[in-house]
Amino acid sequence: MKRWPVLLCLQVLGTALVAQQFTARLDANLPVQARLGIYQQPPLPTMPGPATAANTRPAGPITANGSVADSASTATGTVTATTSWTVPTATALGCTINSSFPTPIFGTLGFFPYYGFFDTDVTLTIDGPAGRWGNVVVSFGVYRNERATVDIGFDGSIECDSTSGGTLSFHGGLSREWRVPVQLTGSPLPIRILDTHDTTTTGLPTLSELVVTFVPWVDNSTNLGSTCGQSSTGWIGFTATQYQYALGLHGGSAGAAATAVARGYGPFATFVIGTQAARLPIGSIGLGFGCDDLMSNVLVTTSGQLSTPTPRSFLWSLPIPPLPPGLTLFLQHVSMGTDPIPFQLHFGITNLVEYRT
């Protein structure tokens, strides 16, 4: 097989240039709150303390980074429940929601635990040219239990749920990432982010981070999804660190017309390029987990560039050089590796992306 020349590129710069055609804003649907409560007598649950200016951010547009917090002094230190957030910028079309409820000194609160109550219900709204595609990238990390959901389109369907699939690690940590392809319709795209939970200092501290970002694709690119029934073809493994097989066509730089970006399982992987959209029937390859609807007429393969691998998962990029106009190419990414704990083979193929020059 021929290999495409690999171009040196700055993916972040390329994404920023494409993002300039898009805008994003953040609104609080309800007041954002972080409040304390005291557990009085089992089995009666506690109630959160009063809402104040310090621990409540009113509903409405959120235009600046900020936080709310509620604190109480104890004999062993200060207990503080905090929710903080970041807002979209011209080149980062997303937001971050953090909540924290650390125990001052582990085990010292005894039979008088405090409860932390966190209420965050916000909408991230994306606007841009009709017909353009992009990925809604949702990254969720938590230490101890918490539930967060993301509803892309604010239509009642939950695309991302922090409790779906997998298990917490032995130390209570969990990391998940979704890359959901969406097409803009000419109307603003609302993304509802809901992170409402309560926790107690009787156990380990609770820390979480939820990041939701829209990453535009280049013009003339289309997501053709997966014949397995979903655009992102499922979790990689069953461990506490989980990702989905996914491919997007982001902006290019340093002479590249576009950059294909793929999340998969490594270290054995390749981008595949063809000129036809036809794919093999599901189950034709039949190795491990993930979808195996590979293009039936692969013309070119290339490994691309591997970023620093995260635990049990890898991110690849492939700069695509300027090509003659009038071409139609189809791209997928294939990856395979083993999970050492427990030993398990992982094989999967991403969604299919069409690119027209």
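The following questions and answers walk through a predicted model of one protein, from its overall make-up to single residues.

In this predicted model, local features need pLDDT of at least 70 and side-chain atom pairs count only at pLDDT 80 or more, while totals for chains, interfaces and linings use all residues. Residues are numbered from 1 along each chain as its sequence is written, and side-chain values use heavy atoms, with hydrogens and water left out.

Reader: How many helices and strands are there in the protein?
Author: Helices (H or I, at least four residues) and strands (E, at least two) are DSSP runs, numbered from the N terminus. Counted in this way, the protein has 1 helix and 25 strands.

Reader: What percentage of the residues of the protein count as buried?
Author: A residue is called buried under 20% relative accessible area, exposed over 50%, and partly exposed in between, with a 1.4 Å probe and protein chains only. Applied to the 357 residues of the protein, this gives a buried share of 50%.

Reader: Where does Thr 96 lie, and is Thr 96 buried or exposed?
Author: Thr 96 lies in strand E7, which covers residues 94-101. Contact means heavy atoms within 4.5 Å, and, leaving aside residues up to four places away in sequence, Thr 96 touches Ser 84, Trp 85, Thr 86, Glu 209, Leu 210 and Val 211. Because its relative accessibility is 13%, Thr 96 counts as buried.

Reader: How many residues of strand E22 are buried?
Author: Strand E22 spans residues 314-320 and is mostly covered. Phe 314, Trp 316, Leu 318 and Ile 320 point one way from E22, whereas Leu 315, Ser 317 and Pro 319 point the other way, and all are buried. In a regular strand the side chains alternate between the two faces of the sheet. The count of buried residues in E22 is therefore 7 of 7.

Reader: Which residues stand opposite Trp 316 of E22?
Author: Two strands pair if DSSP finds at least two bridges between them. Strand E18 (residues 258-264) is joined to E22 by 7 bridges and runs antiparallel to E22, and strand E21 (residues 305-306) is joined to E22 by 2 bridges, also antiparallel. Trp 316 has Ala 262 as a bridge partner, and the residue standing opposite Trp 316 in E21 is Leu 306.

Reader: Why is the pair of Phe 22 and Phe 214 called tilted?
Author: Rings of Phe, Tyr and Trp (its six-membered ring) pair if their centres lie within 6.5 Å, and planes under 30 degrees apart count as stacked, over 60 as edge-to-face and the rest as tilted. The structure holds 5 aromatic pairs. The ring centres of Phe 22 and Phe 214 are 5.6 Å apart and their planes stand at 50°, so the pair is tilted.

Reader: How many disulfides does a search of the whole structure find?
Author: A disulfide is a pair of cysteine sulfur atoms within 2.5 Å. Cys 95 counts as buried because its relative accessibility is 2%, and Cys 160 is buried with a relative accessible area of 1%. The number of disulfides found in the whole structure is 0.
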